[in-house]
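Please look over the sequence and model shown here. A short report on the chain follows.

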Amino acid sequence: SSTSGGCTFYPEIGETICGQDYSSYSEREFHKTGVGPIGYRFSSSALFQGGGFISTHNILRTIELVKSSKVADDGTYFAGSPWQPLPDLGLAPYFPNAGAYNGLVLAFGGTWAASPLPWVKSLNPIVGAWTAAVPLVAQVSVVLGVSGGQLYGLGRIGSSAATSLLRFDAATSNWLGLRVSTPAFSNLCGGAALSNGDLAALDCPGLGPMTMYIYSAATGSWRLGVSYGSTILRPAVAAVGTDVYVMGGYLSNTLFSNGITATVRRFRSQTNVWENLAVQMRTPRDDAVAAAVGSKVYVMGGWGRTIDVPKGRVVEIFDASSAAWSVGPTM
């Protein structure tokens, strides 16, 4: 604690601590035999009180070795990350969406300071360049994925308050609204394209159970799936075959950090059944994203139960064929 009265600036935590405030600070250094230091963790906390209020401040900083020419005595080789940086989007949007289509990465838009209008930009990952932003007819809420060679999403057209099923038109780089009666979603929280051509959309009301809706490409209509008795919000969603996996998220009506979950739920669209899988994610996460490649689901990013930046870079891989998790390369 600081001396009684007066204030002292502590560079370790970047804060000024005054009389009757308390702070703590610790450092940990990690070694591997044959390599040497491979990481540092700096932890600090401070408590501020006065005027009848008490607040706490916690910071956790981590420095990690990601590449080395040395091999540890136990065979560990720090080879560097397979993740490679690509050109910046050039915008700083809130709540954008993204999808892969015809060899391009498409970013659809959330709003940013320069324009409140919806937009789309495309990235050619081979060339490594973004196109200019194109204004959109529709505001995309959820990108569902590719079905029958077409990219689908859900969103609002113009000033309409209703949610519409959208199809991306590559010729005009814009979304077209389909003449389909769409359910009255309350809070879209994910979606995926299924291997049989159907589309799945997940609705998370927050105060009620989440519900899966299935769009049949054959009939051109939606059907209501069974509801799941949980108030989950912001899960990661992806599909393998005709099964939809819903991973992590936040259980509403709980304290924030305690409500972040690692649970894995599976919706079997062919039998209209929800399942709770016994195996969970290693890292509980809220607001992560997921993408499926073959039988594997990659879950990336999100918030952990503690404000720990490295957890926001975590990649976990779920193999649906073996129902097992493995750790992927950190972002």
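## A residue with positive phi

Aspartate 287 is partly exposed, with a relative accessible area of 43%. The accessibility classes are buried (under 20% relative accessible area), exposed (over 50%) and partly exposed in between, with a 1.4 Å probe and protein chains only. Aspartate 287 sits in the loop between strand 26 (273-276) and strand 27 (289-293). Its phi is positive, about 65 degrees, although aspartate 287 is not a glycine.

Phenylalanine 95 also has a positive phi, near 55 degrees, and is a residue other than glycine. It lies in the loop between strand 7 and strand 8 (97-101). Phenylalanine 95 is exposed, with a relative accessible area of 75%.

## Model and numbering

This is a predicted model: local features need pLDDT of at least 70, side-chain atom pairs count only at pLDDT 80 or more, and totals for chains, interfaces and linings use all residues. Residues are numbered from 1 along each chain as its sequence is written, and side-chain values use heavy atoms, with hydrogens and water left out.

## The chain as a whole

The chain has 1 helix and 30 strands. Both kinds of element are DSSP runs numbered from the N terminus: helices are H or I with at least four residues, strands are E with at least two. The C-alpha atoms fill a box of roughly 75 × 55 × 45 Å, taken along the principal axes.

Of the 331 residues, 41% count as buried. Contact means heavy atoms within 4.5 Å. Among contacts in the chain with a separation of 6 or more, 38% come from residues 24 or more positions apart.

## The disulfide

How many disulfides does the rule count? The count is 1 disulfide, where a disulfide is a pair of cysteine sulfur atoms within 2.5 Å. Cysteine 189 is joined to cysteine 204, with an S to S distance of 1.9 Å. The link is right-handed, with 55 degrees about the S-S bond.

The pair links distant parts of the chain, 15 residues apart. Cysteine 189 is in strand 17 (residues 188-193). Cysteine 204 is in the loop between strand 18 (199-203) and strand 19 (210-216). Both cysteine 189 and cysteine 204 are buried.

## Nonpolar cores

In soluble globular proteins, nonpolar side chains tend to be buried together. A nonpolar core here is a set of buried Ala, Val, Leu, Ile, Met, Phe, Trp, Tyr and Cys residues joined through side-chain atoms within 4.5 Å. The largest such core has 20 residues. Leu202, Cys204, Met210, Met212, Val244, Val246 and Trp274 touch the most other members. Two or more residues each come from strand 17, strand 18, strand 19, strand 21 (232-233), strand 22 (236-240) and strand 23 (243-247). Strand 19 gives the largest share of this core, 3 residues.

Leaving aside neighbours within four places in sequence, methionine 210 is in contact with Leu202, Asp203, Cys204, Pro205, Ser227, Tyr228, Ser230, Ile232, Val246, Arg265 and Trp274. A second, separate core has 15 residues, including Met247, Val264, Leu277 and Trp325.

## The second largest pocket

The second largest pocket has a volume of about 440 Å³. On a 1 Å grid over the protein atoms alone, a pocket is an open set of points where a 1.4 Å probe fits, with protein on both sides within 12 Å along at least five of seven lines; lining residues have an atom within 4 Å of a point. Grid points are joined across faces, edges and corners, and the volume is the space filled by probe spheres set on the points.

Of the 19 lining residues, Ile38, Glu64, Leu65, Phe78 and Thr330 are the closest to the centre of the second largest pocket. Strand 4 (36-50), strand 5 (53-64) and strand 7 (77-79) each give two or more residues to the lining. Strand 4 gives the most, with 4 residues. The lining divides into 12 nonpolar, 5 polar and 2 charged residues. Ala, Val, Leu, Ile, Met, Phe, Trp, Tyr, Cys and Pro count as nonpolar, Asp, Glu, Lys and Arg as charged, and the others, Gly among them, as polar.

## Two further sites

Threonine 182 is in the loop between strand 16 (174-177) and strand 17. Threonine 182 counts as buried because its relative accessible area is 18%. Beyond neighbours within four places in sequence, threonine 182 is in contact with Leu154, Thr163, Ser164, Leu165 and Trp222.

Methionine 331 lies in the segment after strand 30 (324-327). Methionine 331 is partly exposed, with a relative accessible area of 38%. Beyond neighbours within four places in sequence, methionine 331 is in contact with Trp83, Met300, Gly301, Gly312, Arg313 and Val315.
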